[in-house]
Amino acid sequence: METLKSWLVPLLKEHGCRLYDVEWDKSMKPPVLRISIEKEDGSMDLDTCAEMSDLISARLDDDDHFTEEYMLEVCSPGAERELRSAEEIDAALGKHVYVKLKEAKDGLQDVTGDLKEITPETITVSYFVKGRPKKAVIARDNIALIMTAVKF
């Protein structure tokens with residue numbers, strides 16, 4: 001997979017996209033090579049998925065990466081996805097997020113709101129309680145899970 005990622009990342013970047021994940025799903029018959037991507041701004045559309053699928057498929061065929069039969073699936077990581085690194089958290093600035101805390105802070109076990117500020121040590125999430133605006137400043141080392149969320 002590292003060899004695959006070594007050329008996928010630059011190829012996607014060249015077309016204004018970034019790699020979210022690569023998964024080899026052997027539970028399917030034939031196995032599925034699932035490549036999750038998103039545009040640099042965090043969005044995704046069907047046309048971009050199709051275009052990147054064609055480019056990736058051609059490269060895989062040219063390089064003979066896999067000898068067995070498989071299906072290629074190029075897709076979006078989804079609207080609600082885990083933010084797994086500092087870079088992914090930074091890219092989510094201004095977006096709606098869900099944060100689960102390791103230890104409760106100010107009575108909160110989790111919070112859903114807009115990611116308003118990021119520092120090396122903390123994140124700040126703006127949210128509402130009974131129509132009143134609130135802010136939660138959360139230490140990065142107290143984050144059990146952070147993911148993008150759909151705003152209703």
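The model is predicted: local features need pLDDT of at least 70, side-chain atom pairs count only at pLDDT 80 or more, and totals for chains, interfaces and linings use all residues. Residues are numbered from 1 along each chain as its sequence is written, and side-chain values use heavy atoms, with hydrogens and water left out. Helices (H or I, at least four residues) and strands (E, at least two) are DSSP runs, numbered from the N terminus.

**Helix α1**
- Helix α1 covers residues 2–14, 13 residues in total, and reaches 19 Å from its first C-alpha to its last. This is close to the 18 Å expected at 1.5 Å a residue, taking 1.5 Å times one less than the number of residues.
- L4, W7, L8, L11 and L12 of α1 are buried (under 20% relative accessible area, with a 1.4 Å probe and protein chains only).
- The cover over these buried residues includes β1 (17–25), β2 (32–39) and α2 (46–63).

**Lysine K39**
- K39 is part of strand β2.
- K39 counts as partly exposed because its relative accessibility is 25%, between the 20% limit for buried and the 50% limit for exposed.
- Leaving out residues up to four places away in sequence, K39 touches G16, C17, R18, M44, D45 and T48 (heavy atoms within 4.5 Å).
- H15 is 24 residues from K39 along the chain, and their C-alpha atoms are 8.6 Å apart.

**Strands β6 and β7**
- β6 (residues 122–129) and β7 (residues 132–139) run antiparallel and are joined by eight bridges; pairing requires at least two bridges found by DSSP.
- I123 has I138 in β7 as its bridge partner.
- The two strands form a hairpin with two residues between them, and K130 in the turn has a positive phi of about 50°.
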